[in-house]
Amino acid sequence: KMPNPFHGGKTVREEFSKVMRYDYKPFLEKLEQTNKEFYSYFKQYLDGDEFICCNMMITTKENLNEYMDFLFDVILNFNEISKLTRFNYRREGWISEFMFGAWLNYKNKNKVFVNINKLVKNLNRTEFYITNPSEMVRT
């Protein structure tokens, strides 16, 4: 479930459209043109209420490289049709945050919920997901 919608949205789509503003529709159109298979999944993800925010994961180098290759392809393709301005300077950050959870699910990456409140006091219901927890390095 969306733990704390930042902008009052009840679905991921409502949140994403609010933060992307006028870039929302052009972004989805470009994503559909450049990655039809993922776009089909992303549309479903947007209608859900699972939002994995903050782009935080503990994973292997291979998983991180795979996600970064995917993410930068998406962002660079979108930048071909929409330039950054002082009004949308946070756009790439929003794209990466909303794509992160969708990509994890799309690729069937193993997610493990970690309740950060048990680790750090006074945080307001923040959720983290870990891919490949068996490969975590413990100190």
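View 1. Leu 28 is buried, with a relative accessible area of 10%, where buried means under 20% relative accessible area, exposed over 50% and partly exposed in between, calculated with a 1.4 Å probe and protein chains only. The coordinates are those of a predicted model, in which local features need pLDDT of at least 70 and side-chain atom pairs count only at pLDDT 80 or more, whereas totals for chains, interfaces and linings use all residues. Residues are numbered from 1 along each chain as its sequence is written, and side-chain values use heavy atoms, with hydrogens and water left out. Leu 28 is found in helix 2; helices (H or I, at least four residues) and strands (E, at least two) are DSSP runs, numbered from the N terminus. Leaving aside neighbours within four places in sequence, Leu 28 is in contact with Arg 13, Tyr 39, Phe 42 and Leu 46, contact meaning heavy atoms within 4.5 Å. Between Leu 28 and Lys 43, which are 15 residues apart in sequence, the C-alpha to C-alpha separation is 8.7 Å.

**View 2. The whole chain, for orientation.** Five helices and two strands make up the secondary structure of the chain, and their order from the N terminus is α-α-α-α-α-β-β. Of the 139 residues, 39% count as buried. The accessible surface comes to about 8,600 Å², of which 52% belongs to carbon and sulfur atoms; these areas come from the Shrake-Rupley method with a 1.4 Å probe, and for residues only the protein chains shown count as cover. Among contacts between residues at least 6 apart in sequence, 63% join residues at least 24 apart.

**View 3. Packing of helix 2 against helix 3.** On the side of helix 2 the contact involves Tyr 24, Phe 27, Leu 28, Leu 31, Glu 32 and Thr 34, which meet Lys 36, Phe 38, Tyr 39, Phe 42 and Leu 46 in helix 3. By class, the residues of this contact divide into eight nonpolar, one polar and two charged, where Ala, Val, Leu, Ile, Met, Phe, Trp, Tyr, Cys and Pro count as nonpolar, Asp, Glu, Lys and Arg as charged, and the others, Gly among them, as polar.

**View 4. Packing of helix 1 against helix 2.** With axes 8 Å apart and an angle of about 115°, helix 1 and helix 2 are therefore roughly perpendicular to each other. Arg 13, Phe 16, Ser 17 and Met 20 in helix 1 meet Tyr 24, Phe 27 and Leu 28 in helix 2. This contact of helix 1 with helix 2 has five nonpolar, one polar and one charged residues.

**View 5. Packing of helix 1 against helix 5.** Helix 1 and helix 5 pack at about 170°, and their axes lie 10 Å apart, so the two helices are roughly antiparallel to each other. Val 12, Glu 15, Phe 16, Val 19 and Met 20 of helix 1 make the contact with Arg 91, Trp 94, Ile 95 and Phe 98 of helix 5. The residues of this contact comprise seven nonpolar, no polar and two charged.

**View 6. Tyr 41 and Asn 105 between helix 3 and helix 5.** Tyr 41 lies in helix 3, residues 36–46, while Asn 105 lies in helix 5. Not counting residues up to four places away in sequence, Tyr 41 touches Ala 102, Asn 105 and Tyr 106; Tyr 41 and Tyr 106 are 65 residues apart in sequence, yet 6.9 Å apart from C-alpha to C-alpha. Asn 105 counts as buried at 18% relative accessibility and, with the corresponding sequence neighbours excluded, touches Tyr 41, Tyr 45, Glu 50 and Lys 111.

**View 7. Two loop residues with positive phi.** Most residues other than glycine have a negative phi. Arg 21, in the loop between helix 1 (12–20) and helix 2 (24–34), has a phi near 50° and is partly exposed, with a relative accessible area of 49%. Asn 108, in the loop between helix 5 (91–106) and strand 1 (112–115), has a phi near 55° and counts as exposed at 68% relative accessibility.

Note on methods: Axes fitted to C-alpha atoms, helices over the stretch in contact; angles between N-to-C directions. Parallel < 35°, antiparallel > 145°, perpendicular 65-115°, else oblique.
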